[in-house]
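Here is a short briefing to read alongside the structure. Please have a look at the model first, and then we can walk through it together.

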Amino acid sequence: MALIALAADKGAPGVTTAAVALGAVWPRPVLVAECDQAGGDLVYRLPAAASDSGDGDGGMLNPSRGLLSLAATARRGLRPDQIAEHCQRLVGGLDVLVGLTNAEQAQAMTWLWGPLGRAFAGLAPVDVIADCGRLGAGGPLLDLLREADLVVLLTRATLEQVAHLRERVTALTEELRGGPPIGVLVLADPRDFRGSVAEVDRIIARNRVPAPDPGQGPPPPGVTVLGGLALDPKGAELLSGRWGGRLDRSLLIRSAREVAADLTGRITATGPAHAAPMAPPPEVAAHVPAGVPQEGRR
């Protein structure tokens with residue numbers, strides 16, 4: 001199905017929190033995958049679900065089961081049906097693919113990102129939200145981004161972060177010529193939510209991609225400000241393993257639900273960007289943390 005790549009420029013503000021929040025309320029089957037080259041955070045933030053034979057909390061996620069173990073089996077090729085055996089489940093039921101533990105591991109896996117992106121794109125009927133962390137200039141992670149149906153960049157509505165974002169958008173539209181569209185999500189203070197989103201849209205509008213020139217090769221992707229996620233520290237704290245009914249009423253989850261509905265609507269409207277999907281791995285399914293009902297299951 002669809003691959004949505006979440007990333008940011010300097011500081012990677014809230015990418016992992018955004019990925020988990022969107023996964024929690026995603027209206028279709030979903031997998032959250034940590035693809036941050038600097039190393040993942042889920043192992044340290046979120047508790048694992050109990051094993052089939054146990055009760056209650058299953059303790060920490062296993063850092064050795066995830067992208068690291070998947071890479072070890074993918075040297076001779078990577079198929080979508082290999083992914084499920086390397087996934088883990090959070091308390092509440094969200095399926096995740098745990099990332100690398102440090103940047104040194106990523107240096108030995110530059111070959112992985114393109115095949116991984118293609119495998120994610122073929123993981124029907126499961127959508128994949130890839131937490132790509134901070135994007136630098138060029139780099140092997142671009143091979144994964146090119147396989148995405150949508151690249152979503154996060155920013156806060158501060159002068160320095162928007163300035164960095166504008167430079168990243170300029171570079172990325174060149175690097176992804178002929179590739180997926182780029183969206184922007186603003187992490188905004190709820191007290192000035194609409195104003196912050198509108199201001200970022202005004203600044204990004206100066207960098208709108210001009211009409212393509214057929215003589216210059218593949219066109220650069222379009223750039224759209226999609227809206228915003230609430231900058232909600234209390235909601236983010238609840239999302240970090242402190243499950244409960246209050247989480248569903250948090251500003252973070254309420255705004256994430258709107259964004260998730262918008263993103264899936266856009267993907268459905270444009271249709272799949274990849275080849276015919278393969279059969280889904282049986283262990284990967286749509287689940288949400290306790291206290292966060294999915295839109296389609298209410």
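A contact here means heavy atoms within 4.5 Å. This is a predicted model, in which local features need pLDDT of at least 70, side-chain atom pairs count only at pLDDT 80 or more, and totals for chains, interfaces and linings use all residues. Residues are numbered from 1 along each chain as its sequence is written, and side-chain values use heavy atoms, with hydrogens and water left out.

**Asp127 and its surroundings**
- Asp127 sits in strand S7; strands (E, at least two residues) and helices (H or I, at least four) are DSSP runs, numbered from the N terminus.
- Leaving aside residues up to four places away in sequence, Asp127 touches Met1, Ala2, Trp26, Arg28, Pro29, Val30 and Leu31.
- Asp127 is buried, with a relative accessible area of 0%; buried means under 20% relative accessible area, exposed over 50% and partly exposed in between (1.4 Å probe, protein chains only).

**The sheet and its edges**
- Eight strands form an open sheet with mixed pairing, in the order S5-S6-S2-S7-S1-S8-S9-S10; two strands pair if DSSP finds at least two bridges between them.
- Strand S5 (88–89) and S10 are at the edges with a single partner strand each, so one side of each has no neighbour in the sheet.
- S10 pairs with strand S9 (residues 182–188) in the parallel sense over 7 bridges, and Gly183 stands opposite Thr224 in S10.

**Val225 in S10**
- Val225 belongs to strand S10 (residues 223–230) and is buried, with a relative accessible area of 13%.
- Val225 and Val152 are 73 residues apart along the chain, and their C-alpha atoms are separated by 9.3 Å.

**Helix H7**
- Helix H7 (residues 159–175) lies across S8, S9 and S10, running at about 160° to S8; axes are lines fitted to C-alpha atoms, for helices over the stretch in contact, and angles run from 0 to 180 degrees between N-to-C directions.
- Which residues of H7 are buried? They are Gln161, Val162, Leu165, Arg168, Val169, Leu172 and Thr173.
- Seen down the axis of H7, its buried residues fall within an arc of 130°, so they line one face of the helix; the arc is that of the directions from the helix axis to the C-beta atoms.
- Leu159 and Glu167, on the other side of H7, are exposed.
- The buried residues of H7 pack against helix H6 (142–145), S8, S9, helix H8 (193–205) and S10.
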